[in-house]
Amino acid sequence: MSNSLNSELIVAAIEHPAKNILSLTVLDHIDSTNNYLMKLSVGRSSGQACIADWQTAGRGRNENLWYSPPDTNIYISLMWEFLADDNLTALSLMTALSLVKCMRKAGFIDAGIKWPNDIYLGDKKVCGVLIDIICKKKVNTIAVIGVGLNLKQQKFPKQVNQPATYLESVIDNIDRNETAAMVFESLLGMLDQSPEVWSRELLKDWNKYDIAYNQMVEVTRKGVKTIGVAVGINESLQLCLRIEKQLVCFDDIDSSMKLLSWNYENNSG
Ligand code: BTN
């Protein structure tokens, strides 16, 4: 099974017609694939993409590090240009929804989302999404969408602060180029639709994949912790917690969520 990254193999394995827009660079190593594209962003537009064999300073959400050893996982970034008045509130959640749907289609039937955009296999995290936004003088907005997907890595350092897993724990001998193609397939499929369509799709489908639905969770926002029962997302795409008879809702910026209980039977997915 091929393990070295190859841009031609990756692009050939993508079915979505928008693959023609991709300009994909394979990097042996880089600090962070998101940083690489952000530095390139001047004068560039939709479709610039890169994948690295390893990252020396991979970044996660909320200033965390994303542990990125060589030869094992997928570290991808894709740049996309939006109009300045496009509402990108849904982008982060929609990236996770698109990825989880592709993963289920690829046979990972246990794949689910932990708000706002972590992908889990069962009760362990397998994939994370980091979106960097660059606003350019009210003309357009550039988003760099970064995806880190654990493929073969079996051991995780102590600093990884939540249970983690990898795709080959479910299916043996997975090809890295085909997996990278699956990630691009899901991103291009999403970016082919408008932000209005994303909101409708999220409201329709989020709860089917939400691993926290009906579970006791703790949301931390700006250092403040709130505990309650997660009851899905509202019309504004905020995560809502039921606390006694009240609903308290959070948007995804600067927030993170921890599951305090795990009971798959309670889950709507
Ligand atoms: C998270 O769950 O905290 C988000 C992790 C995102 C990691 C990916 S790997 C590719 C891209 N480059 C980075 O530095 N981070 C993202």
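**Helix crossing and cysteines**

Helices α3 and α4 are oblique to each other. This is a predicted model.

**The α3/α4 pair**

- Helix α3 covers residues 91-105 and helix α4 covers residues 176-191.
- Their axes come within 9 Å and cross at roughly 130°.
- The crossing of α3 and α4 is right-handed.
- From α3, the contact uses Leu91, Met94, Thr95, Ser98, Leu99, Cys102 and Met103.
- From α4, Met182, Val183, Ser186, Leu187 and Met190 meet them.
- The contact residues of α3 and α4 comprise 9 nonpolar and 3 polar, with no charged.

**The disulfide**

- The model has 1 disulfide.
- Cysteine 240 and cysteine 249 form a disulfide, with sulfur atoms 2.4 Å apart.
- The torsion about their S-S bond is about 105°, so the disulfide is right-handed.
- Cysteine 240 is buried, at 4% relative accessible area.
- Cysteine 249 is partly exposed, at 29% relative accessibility.

- A disulfide needs sulfur atoms within 2.5 Å.
- Cysteine 102 is buried, with 19% relative accessible area.
- Cysteine 102 is also one of the α3 residues that meet α4.
- Cysteine 127 is in no disulfide.
- Cysteine 127 is buried, with a relative accessible area of 1%.

How values were computed. Residues are numbered from 1 along each chain as its sequence is written. This is a predicted model: local features need pLDDT of at least 70, side-chain atom pairs count only at pLDDT 80 or more; totals for chains, interfaces and linings use all residues. Side-chain values use heavy atoms; hydrogens and water are left out. Axes are lines fitted to C-alpha atoms, for helices over the stretch in contact, and angles run from 0 to 180 degrees between N-to-C directions. Helices (H or I, at least four residues) and strands (E, at least two) are DSSP runs, numbered from the N terminus. Angles under 35 degrees count as roughly parallel, over 145 as roughly antiparallel, 65 to 115 as roughly perpendicular and the rest as oblique. A crossing is left-handed if the near helix is turned anticlockwise from the far one by less than a right angle, and right-handed if clockwise. Contact means heavy atoms within 4.5 Å. Ala, Val, Leu, Ile, Met, Phe, Trp, Tyr, Cys and Pro count as nonpolar, Asp, Glu, Lys and Arg as charged, and the others, Gly among them, as polar. Buried means under 20% relative accessible area, exposed over 50%, partly exposed in between (1.4 Å probe, protein chains only).
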